[in-house]
Amino acid sequence: MHSKQNRGLSPVLQAVYFHLRAQPATSRMKATFIALLHDVDISDDLGVGDKINGQMRISNNPSVISKLISSAHRTIIGKMEVASLLNGQPVIYCEYEVPADQTPIESLTSKLYEVQSFLLTTWTIRDNSINCEMGFLLYDEDGLATASSNFIAHLYSDSQGKKQIIRITREELRVMRNLYRNAISMPEHPFPRPTSQLTSEHTRLTRAFYLVNAARGDSDLAMRVAHYCTAFETLFATSQTELAHQLSERVTCFLHSAPGERLETYRKVKQAYALRSKVVHGSTIRNNKLIEIIETSVFCDDVLRSIIFKLMTDSATRLIFEKRAEAFDEHMLKTIFSAGA
């Protein structure tokens, strides 16, 4: 029995790491992936687990989870890890065959990215700090029980920068699972990682979602607001002229028709962009403004969640955001000068 561990894989270093790959398995290997979720409580017993996608399930039933881990694998991963997996917190797992063109550690890391994308999807329903810190792949190699472990060093906090337990119902979980299956796709072989995911081949929505993911993993709320504002730019900007006004106006008119709501949102987006400008240009933040930064972070988080949820669930609106800059400009002008403006 032996263990293979790759801890602390930094997103910044992924492209370098994945060039140093071992040879993939020559035949398909049966394996069990299992990962504990933190800062989430589901009151209902999920039994064998509710499906997240074609392979993955989420369960909080200790008896079901216990059957996934053989005595030999328990010895490898350790008593403390096993106890954590069996304490009644939600666990994501799947039993599958490792693709022939992936090493076990690549397959494990691929599953961890799937979990991360699901956790980001939960944010589109409710602000949260749900995290997956460690994943395990349990398999046999040359007749020996073997386990690989890894984690993605990108931990979420909520819009106030806190890690707090969120309680969700099974019905809320169903909504999250359905949205994930209908709106999110994963590459079949995500290696090596691209140099940048902000290229023109990715849509506005995909790039904005990527920036939100970066924001939610930043514990510095001023930096988080800067990421949020870049997400606003990604979604709504078509030029650099009067950018703060352009973003504030477009975000406001996209979300609201009532003049009072529009004015309040306009001012808050502009305030967020002023903070972003200070941050990215190296200015300091006054201590007496820290409460305002928290409030701005919560505001930006709420607004982006509303926008992204609409784009993920409304195909007609999403198509508008996939238009070329000129056509998108025309649409926004009509929205701004509509009868409700």
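**Helices, cores and cysteines**

In this predicted model, helix 9 (residues 243–255) packs with helix 13 (residues 325–336) at an angle of about 65°, the axes lying 9 Å apart. Their crossing is left-handed. On the helix 9 side, Glu-249, Arg-250, Cys-253 and Phe-254 make the contact, and they meet Phe-328, Asp-329, Met-332, Thr-335 and Ile-336 in helix 13. Sort the residues of that contact by class and you get 5 nonpolar, 1 polar and 3 charged.

Now for the interior. In soluble globular proteins, nonpolar side chains tend to be buried together. Here the largest nonpolar core has 75 residues, and Phe-33, Leu-37, Ile-92, Phe-236 and Ile-307 have the most contacts inside it. Helix 8 (residues 221–236) provides the largest share of this core, 10 residues. Apart from this core lies another, of 17 residues, including Leu-36, Leu-68, Val-82 and Met-134. Look at Leu-37 up close: leaving aside residues up to four places away in sequence, Leu-37 touches Ile-58, Gln-89, Pro-90, Ile-92, Val-115, Leu-119, Ile-130, Asn-131 and Cys-132.

What about disulfides? A search of the whole structure turns up 0 of them. Cys-94 is in none, and the nearest cysteine sulfur, on Cys-132, is 12 Å away. Cys-94 is also buried, with a relative accessible area of 1%. Cys-300 is in no disulfide either; the nearest cysteine sulfur to it belongs to Cys-229, 5.0 Å away, whereas a disulfide calls for sulfurs within 2.5 Å. Cys-300 counts as buried too, because its relative accessibility is 0%.

How values were computed. Residues are numbered from 1 along each chain as its sequence is written. This is a predicted model: local features need pLDDT of at least 70, side-chain atom pairs count only at pLDDT 80 or more; totals for chains, interfaces and linings use all residues. Side-chain values use heavy atoms; hydrogens and water are left out. Buried means under 20% relative accessible area, exposed over 50%, partly exposed in between (1.4 Å probe, protein chains only). A nonpolar core is a set of buried Ala, Val, Leu, Ile, Met, Phe, Trp, Tyr and Cys residues joined through side-chain atoms within 4.5 Å. Helices (H or I, at least four residues) and strands (E, at least two) are DSSP runs, numbered from the N terminus. Contact means heavy atoms within 4.5 Å. Axes are lines fitted to C-alpha atoms, for helices over the stretch in contact, and angles run from 0 to 180 degrees between N-to-C directions. A crossing is left-handed if the near helix is turned anticlockwise from the far one by less than a right angle, and right-handed if clockwise. Ala, Val, Leu, Ile, Met, Phe, Trp, Tyr, Cys and Pro count as nonpolar, Asp, Glu, Lys and Arg as charged, and the others, Gly among them, as polar.
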